[in-house]
Amino acid sequence: TNNVKSLFINVSDQNMDYNPAFQLYMTSRLPNPHFSPELSAKCTVIDFTVTIKGLEQQLLGRVLNTEQRSLEESLAQLLEEVTNNVKSLQLLDKQLLDRLGDASGELF
């Protein structure tokens, strides 16, 4: 005697052997298909529709990504300029103090 329990699924009033590896893919041309709550809980619905608003959001994301890169490059360039200007200012301060220290006579 074989004690293996078989699983069945009811399809169109017929019992069919159930295979756990079975997968069903369905497509629909409906923009927003309605499924019962039971079916929605047991499946994954993927919406592949393309809308103008969706395209606008994708394009805006790409523009912001591009603009952000250019802004980051500008920021890096400005930071480099500020660093160079600070170094120049420190050098000029040192030169001025050296000249004032080496000066003889009255400064007025």
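The exercises below treat the fold, extent and surface of one predicted protein chain.

The model is predicted: local features need pLDDT of at least 70, side-chain atom pairs count only at pLDDT 80 or more, and totals for chains, interfaces and linings use all residues. Residues are numbered from 1 along each chain as its sequence is written, and side-chain values use heavy atoms, with hydrogens and water left out.

**Exercise 1.** Compare the radius of gyration of the protein chain with that of a compact globule of 108 residues.

Solution. 
- Step 1: the radius is taken over C-alpha atoms, and the globule rule is 2.2 Å times the number of residues to the power 0.38.
- Step 2: the rule puts a compact globule of 108 residues near 13 Å, but the protein chain has 37 Å.
- Step 3: along the principal axes, the C-alpha atoms fill a box of roughly 120 × 45 × 20 Å.

**Exercise 2.** Find what share of the residues of the protein chain counts as buried, and classify Leu 7 and Pro 20.

Solution. 
- Step 1: buried means under 20% relative accessible area, exposed over 50%, and partly exposed in between (1.4 Å probe, protein chains only).
- Step 2: of the 108 residues, 0% count as buried.
- Step 3: Leu 7, in the segment before strand S1 (8-11), has a relative accessible area of 56% and is therefore exposed.
- Step 4: Pro 20 lies in the loop between strand S2 (14-17) and helix H1 (37-42); Pro 20 is exposed because its relative accessibility is 66%.

**Exercise 3.** Examine phi and exposure for Ser 12 and Asp 13.

Solution. 
- Step 1: most residues other than glycine have a negative phi.
- Step 2: Ser 12 has a positive phi, near 50°, and Asp 13 has a positive phi of about 65°.
- Step 3: Ser 12 is placed in the loop between S1 and S2, and Asp 13 is also in the loop between S1 and S2.
- Step 4: Ser 12 counts as exposed at 70% relative accessibility, and Asp 13 counts as exposed at 74%.

Key. Helix = DSSP H or I, 4+ residues; strand = E, 2+ residues; numbered from the N terminus.
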